[in-house]
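Good morning, and thank you for joining this group meeting. I would ask you to keep the sequence and the structure in view while I speak.

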Amino acid sequence: MEIMNDRKAEIKRKTRETDIELELSIDGQGSSDLDVQTPFLSHMLELFAKHGLFNLTVKGHGDVEVDDHHLTEDIGICLGQAFREAVGDKHGMKRYGSMTLPMDETLVTVAVDLSDRPHFEWKAELPKGRVGTFDTENVHEFFWKFAVEARMNLHIVLHHGHNTHHIIEAMFKALARALDEATQIDPRVKGVPSTKGSL
C-alpha cells in the first residue's frame, strides 16, 4: 500500500483571546508534543494522537483565567483546518470511517465522512458539568468547530455511560480511530472516492 508521507499541515491562529501553533502529520506514529494550558484537553489530544497514529504538536495559550472556552474552541478550529489541509486532494483515500468504542461502562460510536460538506450530529448528554476544572460543555464546542473547519460529516452517539471522564475520553479515542480509517489509502480506489469526481 502506498503511504503518503507528505500529508502534513501547520496552522497558526492568534487572536486577542488565544495564541495557537499546531502541526499535524496524518501518517505518523501516534506521538504528541503538547503545551496546552488546559490540562484535560491536553490529555484528550494526547489520546487522540495515540489512537489515530497521528503526530501532533500543539502550543496553545489563551485567556483561561476567563474560562477554557476560547482555547478549547480555537484548538478545535485549528485541528480541523489542519486535517482539511493535510488530506489534500483525497485521491485514493477511503473517505469514510467509524468506530464503536467501549471504555469500562461507556459505549460510544463516532462516524465520519470526509465529504467537504460540514455537518455535525451530537446524540449525547454528559452527566456532569465539570471534569476537574474543565467545563464539559466545551466538548460539544470542540467537536462542532472541528467538523466545520475540517469540512466533514461528524456523528457522535453515546449509547450508554455514567462516568463523564470515560465518556469524553471514549469520544476522542473513537474519533481518532474513525479518522485513521477514513484517511487510509486504499490501492483499489482510483482517483477521488466520489462519483462526482471531486470532494
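Let us begin at the start of helix α4, where a side-chain oxygen of Asn 163 comes to within 3.0 Å of the backbone nitrogen of His 165. Please bear in mind that this is a predicted model.

I shall now turn to the helix itself. Helix α4 covers residues 164-182. How far apart are the end C-alpha atoms of α4? They are 27 Å apart, and this agrees with the 27 Å that its 19 residues should span at 1.5 Å a residue.

Lys 173 lies in α4. Is Lys 173 buried or exposed? Its relative accessible area is 13%, and the cut-off for a buried residue is under 20%, so Lys 173 counts as buried. The side chain of Lys 173 also makes a polar contact of 3.0 Å with the side chain of Glu 169. On helices in general, there are 3.6 residues a turn, so residues three or four places apart point the same way. Which residues does Lys 173 touch beyond its neighbours within four places in sequence? They are Leu 47, His 51, Leu 101 and Met 103.

Let us move to a strand. Ala 9 is found in strand β1, which runs over residues 8-14. With a relative accessibility of 3%, Ala 9 is buried as well. When its neighbours within four places in sequence are set aside, Ala 9 is in contact with Leu 22, Glu 23 and Leu 24 and also with Ala 82, Glu 85 and Ala 86. Ala 9 and Leu 79 are separated by 70 residues in sequence, yet their C-alpha atoms are 9.5 Å apart in space.

Finally, I come to the chain as a whole. It contains 4 helices and 10 strands, and from the N terminus their order is β-β-β-α-β-α-β-β-β-β-β-α-β-α. The radius of gyration is 16 Å, close to the 16 Å given by the globule rule for 199 residues, so the chain is as compact as a globular protein of that length. Its C-alpha atoms fill a box of roughly 50 × 40 × 30 Å along the principal axes.

Of the 199 residues, 51% are buried. Among contacts with a separation of 6 or more, 78% are between residues 24 or more positions apart. The accessible surface comes to about 9,600 Å², and carbon and sulfur atoms account for 47% of that surface.

Terms used:
Residues are numbered from 1 along each chain as its sequence is written. This is a predicted model: local features need pLDDT of at least 70, side-chain atom pairs count only at pLDDT 80 or more; totals for chains, interfaces and linings use all residues. Side-chain values use heavy atoms; hydrogens and water are left out. Helices (H or I, at least four residues) and strands (E, at least two) are DSSP runs, numbered from the N terminus. Buried means under 20% relative accessible area, exposed over 50%, partly exposed in between (1.4 Å probe, protein chains only). A polar contact is a pair of N or O atoms within 3.5 Å; within protein, one must be able to donate a hydrogen and the other to accept it, and residues adjacent in sequence count only if both atoms are side-chain atoms. Contact means heavy atoms within 4.5 Å. The expected span of a helix is 1.5 Å times one less than its number of residues. The radius of gyration is taken over C-alpha atoms; the globule rule is 2.2 Å times the number of residues to the power 0.38. Accessible areas come from the Shrake-Rupley method with a 1.4 Å probe; for residues, only the protein chains shown count as cover.
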